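Here is a friendly briefing to read alongside the model. Please have the viewer open as you go through the points.

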Amino acid sequence: MTSGRRWVQVWRSGVYLLVSLASGIATVLALPVLWYPGLARRWANWHRNRAGRLLGIPLEPRPALRASGRRAWTDPATPRDLLWLPVNALTGFALGVPTLLCVGNLVPGAVGTALWWAFSPEDRPRLFVEVAVTGWATALTLGPLQIVLLVTLAYLCFPPVARVHARICLAVLSHSAAEDLADRVEVLTRTRADVLDAHGAELRRIERDLHDGTQARLVAIAMRLAVARQAFSDVPRNDQFVQDLLRDAHEGTEEAMTELREVIRTVYPPILADRGLAGALTAVTTRCVIPTRLETGDLEDVPAAVEAVVYFAVAEALTNVAKHSGATTAGVRVDRTADRLSVVITDDGAGGADPRRGTGIAGIRRRVLALDGTVDLDSPAGGPTTITLELPCGS
C-alpha cells in the first residue's frame with residue numbers, strides 16, 4: 001500500500017472511530033427510544049453499512065422492519081438488532097475514547113507545552129508524563145515529540161482498531177442460517193407472486209390473441225370456402241377435382257377451428273375471463289351429471305394461473321367422480337385464508353382412488369405442484385373420497 005493511500009486509510013479509520021464514539025453516546029442517551037424494534041433495525045443497518053464500507057465488503061441490504069406490534073418482536077433479526085445497542089455503546093466508548101484523546105492532543109501538542117511553560121503558575125507542575133518542564137528547551141522539544149508519538153500511534157493503531165470495531169459489528173448483525181432462510185423464503189414468495197401475476201397476464205394475452213386473431217381469421221376463411229363450395233355446386237360443371245379440394249379445405253379449416261378452441265380452453269378457459277373463478281366453478285358443477293354442492297367464500301383477486309389450475313382440477317376431479325366413483329353426491333368448497341387458496345372436493349362414492357391407476361389425480365398433482373401448492377388425497381376403500389388442494393395466491 002502506498003503512503004498516500006495509507007494516510008487516507010488512517011484518516012477514514014479515525015473518523016470511523018470518532019463517529020462510533022458519538023453513536024455509542026447517542027445509544028446510551030436514546031436507549032429507551034432505540035429499544036423499539038423498528039428504530040433498532042434502522043440504527044443497526046446504519047452501523048452495518050458503515051462497517052461494510054470500511055472493510056470493503058459488499059453486503060446485501062437488510063430490509064427495514066415492516067412488521068409492527070408482536071410480529072416486530074418475533075422477527076428473526078430483532079434480537080441481533082437489540083443486542084447491538086449495548087455492544088455499540090461498549091465498543092464505541094472503549095475504542096473511541098483513546099482515539100479522541102489521541103486526536104485531541106495532536107493540535108495542542110505543538111504549542112501547548114510551550115504555552116504551559118510561558119504562562120503556567122510559578123511552581124510549574126510536571127507535564128508530559130513524568131518529564132518536568134524546566135526550561136524553554138524542554139518546552140519546545142516536548143511538543144513536537146508528542147506530535148510525532150501521537151501521529152505514529154494513529155498511523156499504526158487507527159486502521160486495525162477500526163477494523164476490529166467493524167468486524168464486531170458485522171459479527172453481531174450477520175444473519176444466522178435461520179435468518180438467511182427466512183429472507184430467502186421472503187424473496188421467493190415475492191418473486192413467485194410476481195411470476196404468477198406475469199403468467200396470468202400472459203395467459204390472458206394468449207387467449208385473447210388466439211380468440212380475436214387466429215380464430216377469427218380461420219372463421220373468415222371457412223366462410224369464404226363455404227361460399228365457394230356453394231358457388232361451385234350451383235354451377236353445372238365437371239371439375240370434380242376443384243370441388244373436392246374446396247371441400248377438403250373447408251373441412252380442414254373447421255377441424256383446425258375445433259382444435260384451436262380446445263387449445264384456448266386449455267390455455268385459459270374463456271369462462272374464467274367472463275365470469276371469474278366462482279362463476280366458472282358454478283358452470284362446472286352444474287354440468288356434472290352427479291348432484292354437486294358448491295361453496296365459495298370471499299376469494300378476492302386470485303392470480304389467473306391459480307384460477308386456471310383450480311378450474312381444471314375441479315373439472316378433472318368431478319369427471320373422475322362421475323366415471324369411477326359410483327357416488328350419488330359430490331361437493332366442492334373453495335376458501336381463501338390470507339395468501340392461501342384452499343379447494344376441497346368430496347364425494348360419497350366407493351373410494352380407493354389411486355393416482356397410479358391413471359384416474360387423473362396425477363395430472364391434478366402436477367398442475368398444483370407447478371405453482372408450489374400441495375395436494376392431499378384421502379380415499380379409503382368404501383369411501384368417502386376427499387381431495388384437498390392448497391395453492392398460494394397472495395402477493
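Helix H9 (residues 270-287) spans only 16 Å between its end C-alpha atoms, whereas a straight helix of 18 residues would span 26 Å at 1.5 Å a residue. The expected span used here is 1.5 Å times one less than the number of residues in the helix. Helices (H or I, at least four residues) and strands (E, at least two) are DSSP runs, numbered from the N terminus.

This is a predicted model, in which local features need pLDDT of at least 70 and side-chain atom pairs count only at pLDDT 80 or more, while totals for chains, interfaces and linings use all residues. Residues are numbered from 1 along each chain as its sequence is written, and side-chain values use heavy atoms, with hydrogens and water left out.

**Helix H9 and its bend**

- A kink of about 120° is centred on Gly 276 in H9; the bend at a residue is the angle between axes fitted to the seven residues ending there and the seven starting there.
- Buried residues of H9 include Ile 271, Leu 272, Leu 277, Ala 280 and Val 284, where buried means under 20% relative accessible area, exposed means over 50%, and partly exposed lies in between (1.4 Å probe, protein chains only).
- The buried residues of H9 pack against strand S1 (292-296), helix H10 (304-325), strand S2 (330-337) and strand S3 (340-347), with contact meaning heavy atoms within 4.5 Å.

**The chain as a whole**

- The protein chain has eleven helices and five strands.
- Of its 395 residues, 37% are buried.
- Among contacts with a separation of 6 or more, 71% are between residues 24 or more positions apart.
- The chain exposes about 22,300 Å², and carbon and sulfur atoms supply 61% of that area; accessible areas come from the Shrake-Rupley method with a 1.4 Å probe, and for residues only the protein chains shown count as cover.

- Helix H1 (residues 3-29) has 27 residues and reaches 39 Å from its first C-alpha to its last, close to the 39 Å expected at 1.5 Å a residue.
- Among the buried residues of H1 are Arg 6, Val 10, Tyr 16, Leu 17, Ser 20 and Thr 27.
- Ile 25, Val 28, Leu 29, Phe 93, Val 97 and Leu 101 make a nonpolar surface patch of about 540 Å². H1 and helix H5 (78-119) are the elements that give two or more residues to this patch.
- Patches are made of residues with over 30% relative accessible area and no salt bridge, joining like charges within 9 Å and nonpolar side chains (Val, Leu, Ile, Met, Phe, Trp, Tyr) within 5 Å.
- Phe 93 is found in helix H5 and counts as partly exposed, at 34% relative accessibility.

**A buried histidine**

- His 165 is part of helix H6 (residues 136-173) and is buried, with a relative accessible area of 1%.
- Leaving aside residues up to four places away in sequence, His 165 touches Tyr 16, Ser 20, Trp 84, Asn 88, Thr 91, Gly 92 and Leu 95.

**Salt bridges**

- Side chains of opposite charge can pair when their charged atoms come close.
- A search of the whole structure finds three salt bridges, each a side-chain nitrogen of Lys or Arg within 4 Å of a carboxyl oxygen of Asp or Glu.
- Arg 41 pairs with Asp 81, the closest N and O atoms being 2.5 Å apart. This pair links distant parts of the chain, with Arg 41 in helix H3 (residues 37-55) and Asp 81 in helix H5, 40 residues apart.
- Arg 41 is buried at a relative accessible area of 5%, and Asp 81 is buried at 1%.
- Glu 295 forms a salt bridge with Arg 293, with the closest N and O atoms 3.1 Å apart; Glu 295 is partly exposed at 38%, whereas Arg 293 is exposed at 53%.
- Arg 333 and Asp 335 meet through their side chains in a salt bridge (3.3 Å, N to O); Arg 333 is partly exposed at 37%, and Asp 335 is partly exposed at 30%.

**Two C-alpha separations**

- Gly 104 lies in helix H5 and is partly exposed at 40%; its C-alpha atom is separated by 9.9 Å from that of Leu 150, 46 residues apart along the chain.
- Asp 248 lies in helix H8 (residues 240-267) and counts as partly exposed at 44%; Asp 248 and Leu 225 are 23 residues apart in sequence and 9.8 Å apart in space, C-alpha to C-alpha.
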